[in-house]
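These are my notebook entries on one protein model, written while I had its sequence and structure open.

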Amino acid sequence: MAFEPVNPLLRSLCGQGLQYVLADCDAPPELSLLQGPKTQQAVKPKSPRVSPVKNWDAAEQDAPSTSSAKPAPRAQPRPDPSSWPEIWQKRLKATAVTPVIWTYAALKDDLGGAPSPARREFFKKLFKDLGHPPGTHSFWPFVLRRNGEDDERPDIFWQAMRLRRARALVLVDAQTLKALDLPQSLQPLHFIRKNGLHILMAGDIDGLIGEEAGRYEALSGFLRHNLRAYIRL
């Protein structure tokens with residue numbers, strides 16, 4: 001037995017002086033007239049989250065590869081000049097191995113029976129002004145005269161670039177761009193990189209012959225700057 005504070009239900013009697021009652025403290029809360037301690041709602045314990053058993057060996061086998069590494073490119077077979085027409089085989093044997101190779105449409109004439117003395121003198125002067133040692137420049141055509149007709153062979157041209165291990169290719173006219181499937185937008189005194197080559201557009205050489213010195217100096221400066229990495233002085 002003990003004196004306890006009354007339940008709020010009996011607070012109306014407090015005005016009449018009633019504050020405590022003598023009652024059995026063991027009565028259940030819902031029947032008690034006493035103000036017992038506040039009860040907290042029981043919290044249902046959460047069952048621990050069990051991760052599903054994972055077969056790591058199977059998961060590693062079934063999971064798709066996320067590697068971003070690209071497969072190594074297949075090595076291209078070495079070109080076989082013996083399969084070329086005889087005229088191309090002879091031209092290959094007559095062409096020196098150099099780091100820089102020039103080409104243009106009229107080269108078929110300069111290498112054939114109607115060479116241009118003006119172009120020969122122009123290249124002679126240009127190479128001298130560049131100060132490059134012998135064995136730096138050579139010429140390789142993409143079209144030759146064969147049986148009285150033009151034999152245009154861009155496939156043989158690119159194969160020869162690989163065989164000769166050229167580092168830089170200098171183009172002289174816009175016709176060459178189309179024949180060799182190069183970007184038509186390549187302008188004079190600009191360059192691109194393709195097929196492992198540094199490809200430079202020199203512009204129309206015939207238009208430079210006899211022209212003012214300013215255009216010639218621009219060309220020689222362009223070549224001197226872009227070919228310096230390939231020159232063994």
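**Entry 1: a charged pair**

Which residue's side chain does Lys 90 meet in a salt bridge? I found that the partner is Glu 86, at 3.4 Å from N to O, where a salt bridge is a side-chain nitrogen of Lys or Arg within 4 Å of a carboxyl oxygen of Asp or Glu. Both residues lie in helix 2 (residues 86-94), four residues apart, which is about one turn of the helix. Lys 90 and Glu 86 are both exposed; I used the scale on which buried is under 20% relative accessible area, exposed over 50% and partly exposed in between (1.4 Å probe, protein chains only).

**Entry 2: ground rules and overall make-up**

I noted that this is a predicted model, in which local features need pLDDT of at least 70 and side-chain atom pairs count only at pLDDT 80 or more, while totals for chains, interfaces and linings use all residues. Residues are numbered from 1 along each chain as its sequence is written, and side-chain values use heavy atoms, with hydrogens and water left out.

I counted eight helices and nine strands in the protein, taking helices (H or I, at least four residues) and strands (E, at least two) as DSSP runs numbered from the N terminus. Of the 233 residues, 33% count as buried. The accessible surface comes to about 16300 Å², and 53% of it belongs to carbon and sulfur atoms; these areas come from the Shrake-Rupley method with a 1.4 Å probe, and for residues only the protein chains shown count as cover. Among contacts (heavy atoms within 4.5 Å) between residues at least 6 apart in sequence, 67% join residues at least 24 apart.

**Entry 3: further salt bridges**

I looked up the total and found seven salt bridges in the structure. One of them joins the side chains of Asp 206 and Arg 119, at 3.2 Å from N to O. Because Asp 206 lies in helix 7 (residues 205-208) and Arg 119 in helix 4 (residues 117-130), this pair ties together parts that are 87 residues apart in sequence. Asp 206 is partly exposed, with a relative accessible area of 40%, whereas Arg 119, at 10%, counts as buried.

Arg 145 forms a salt bridge with Asp 150, and their closest N and O atoms are 2.8 Å apart. Arg 145 is partly exposed at 42% relative accessible area, and Asp 150 counts as partly exposed at 45%. I also noted that salt bridges with shared partners join Asp 110, Arg 119 and Asp 206 into one network.

**Entry 4: aromatic rings**

How many aromatic pairs are there? I got 13, with rings of Phe, Tyr and Trp (its six-membered ring) pairing if their centres lie within 6.5 Å, and with planes under 30 degrees apart counted as stacked, over 60 as edge-to-face and the rest as tilted. The rings of Phe 122 and Tyr 216 have centres 5.9 Å apart and planes at 85°, so this pair is edge-to-face. Phe 122 lies in helix 4 and Tyr 216 in helix 8 (residues 213-227), so the pair ties together parts 94 residues apart in sequence.

I took a nonpolar core as a set of buried Ala, Val, Leu, Ile, Met, Phe, Trp, Tyr and Cys residues joined through side-chain atoms within 4.5 Å. The largest has 26 residues, and those with the most contacts inside it include Trp 84, Phe 157 and Trp 158. Which element gives the largest share of this core? Helix 5 does, with six residues. A second, separate core of 23 residues includes Trp 102, Leu 107, Leu 126 and Val 170.

The buried residues of helix 5 are Ile 156, Phe 157, Trp 158, Ala 160, Met 161 and Leu 163, and they pack against helix 2, strand 3 (100-103), strand 7 and strand 9. Phe 157 has a relative accessible area of 0% and is buried. Leaving aside neighbours within four places in sequence, Phe 157 is in contact with Thr 103, Trp 140, Pro 141, Phe 142, Leu 169 and Leu 180. The C-alpha atoms of Phe 157 and Thr 103 are separated by 9.7 Å, and these residues are 54 apart along the chain. Helix 5 is followed by Arg 165, whose phi is positive, near 50°.
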